[in-house]
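Grab a pencil and work through these exercises with the structure open. Try each task before you read its solution.

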Amino acid sequence: MNYGLLLGSLTWGSISGWWTLVCMLFGVLYAWLLYRNPVNVSERTRWLLAVLRAVAVFVIAFMLVAPLIKTVTYQPQKPLVLIAQDNSSSINTFKPRGFSTEAFNTQLATLKKVLGKDYEVREFNFDHDLHTGLSTGYQGKQTNIASAIHQLSERFVNQNIGALILATDGLYNQGTDPQYEARNLKTSIYTIALGDTIPRRDLLIGNINYNKTTFLGNDFMLEVLAEAYQSQGEQMRLSVAEDGRVVFNQNILITTGTFRKVIPVKLNADKKGVHQFAIKLAPVSNELSVQNNTETVYIEVLDARQKILLAYAATHPDISVIKQLVERNKNYELKAIQTNKLSTLKLSDYGLIILYQITAADNLALKSFIPQSKVPVWYMAGAQTNLQDFNQEQSTIQIVAGRTDVQEEFAVPVTGFSLFTLTDSTLNKINRFPPLLAPFGNYGSAGGASVLLKQKIGSVSTTYPLMAFNEADGRRSAVLAGEGLWRWNLAEYQDFGSHTAMEELFSQSIQYLTANANRQRFRVYPSKTVFDEGENVLLNAELYNDALQLVNTPDVNITLKNSSGKNYSYLFTRTGQSYQLNAGVLPVGNYSYTANSQLGKQPFSTKGQFTIKPLNLESRQSTANHQLLYGLAKQSGGKMLQPSQLNQLADLIRKNDNIKTIVYDDQRYSDLIDSKWVFVLILALLSTEWFLRKREGEV
């Protein structure tokens, strides 16, 4: 525990120190005037009374000068030693001969006691996320070393981090290179090299490249990376089974001790729906592990793509970003075209129109088509938007501007948005995105509009809408009141190495806008068709009355059924005008669902399916990456140790001159007149003087 040392001193601030002498002379003069004439007391008592009065007057005068008391608190902070233990399953699956995880766990747990009271030791374990405390399970399905280092750096920012002890095999399947993140930690990293670097006899599926969606009747490809170690001369047998039916077989001769080959597998999409493909390598004798011989992927076969039109007047970096984000979802096909070429298109072929910094009034074809149709429209405003036409065409977001300037607006997700579900990861990323450029002015939204994002100007959060959705007269619409999506796309890739948040934002927005195109009165749909193992299953539901208006008065019940026949029953939660359900984490497998509701006397029912796929990422690599651990230790001034050298770690930390207690001083100033002890002193002096005079009979 930290302790503090408090020291105090007197300072004058802007007052000259000569006032001390003036106050002292004033006290002496006052006492001399009062006791200069002989009184009916002894000479010795008279001098004592004079001294008491002089001191009392000096203190009173001194306080009127208003000096300050300088207080300095010295607070020592012991060095933090952070222990981060890899809890992924690869640690236990591919451990070297003679290594005991139980013995290692015991030795790692005693390190806190060995370091003693001179260090503050904090213990953590990590897989795809960081968790408090050490673990003995080694059950993690994913490993993200960079994220663990980043979270530790943020959690202990501006604290005295002396050392990070990182116990891992160096294998990661999520996040960026840990060496880049480690540079921001600014501390010595001692790595404990777990796992086995000696290649052993093993076959494994290293990677599978494939598209998650394809279209009915089309051929599609799987590219399987097959690897073999210490198996030269053996035959590798690859098989692919679709929904349990073998559709592909191939034998491959293993020609080297370290063998890798990409095997193309051509298949045909002959049936609509989500299909399971099990890719398997037949094991060979004395193989290290067969867990990495099998991988399962899921591919959705669709009838046709949803056509989307993106119309714009002038080129902009956002155009290509929107096209890329939309078309990463194979359900959608986007056509980007300038307004002067719109007359060549048949607008009724499109299920959604995105107007980028234009309005329908800017083009004759749009002006005649949009008011007469019920096609959903997504307006994206910016510096070139005609705000007068923009406000007349839609009421989702109204912008009243006195000038044509733009200003930077950060996006803040709105709690309680209910039209569709975005994951917490996506919402957190949006909070960290750079600002968009939005027209300067006052913003308002329609009474029935649902605001997804609000504006933050600088550090000030406002009630102004930045992105909102609305439904009026049978048409759904959306407005994004800012340009600069290319900044969001670039920032997400730089910070997180992917575009998943942007893809989810666009996919969910488009899914909502186009959802009522077929006029289904009752819809229930999962947030995605394939969930990862350990991921929360999220479902949405919508119920429409006869006027095709959203209502959520009746209850909505749903029953999930897995492939073994087990049922899970739930009741949807009302959110806004629709429904949501977080079914939590469910076991791996294929699920079908039946949802029911009743509006008045009319019953509604709908069915669907989704899949929860297993995660086998930890079994794809069996050879530990100690080179990474050596690099982490060397660049930070630490050292890489083997598990057998763990007993040396405490001495290495003690001998590191950079790991030491830091003393912080906290200086504060306060007025002397605020100190209660000064008044006690004055009262004591005057009371003593009065008591002595009364005792001597002097009035």
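**Exercise 1.** What is the order of the strands in the open sheet of 6 strands?

*Solution.* Before you start, note that this is a predicted model, where local features need pLDDT of at least 70, side-chain atom pairs count only at pLDDT 80 or more, and totals for chains, interfaces and linings use all residues. Residues are numbered from 1 along each chain as its sequence is written, and side-chain values use heavy atoms, with hydrogens and water left out.

Step 1: find the strands (DSSP runs of E, at least two residues, numbered from the N terminus; helices are H or I runs of at least four). Strands pair if DSSP finds at least two bridges between them.

Step 2: read off the order, β5-β4-β3-β6-β7-β37, with mixed pairing.

Step 3: check the edges. β5 (130–132) and β37 (640–641) each have a single partner strand, so one side of each has no neighbour in the sheet.

**Exercise 2.** Find how β3 and β6 are joined.

*Solution.* Step 1: strands β3 (residues 80–86) and β6 (residues 161–168) run parallel, joined by 6 bridges.

**Exercise 3.** Now compare the hairpin of β31 and β32.

*Solution.* Step 1: β31 (residues 557–562) and β32 (residues 567–571) run antiparallel, with 5 bridges between them.

Step 1: the hairpin has 4 residues between the strands, and Gly-565 takes a positive phi near 95 degrees.
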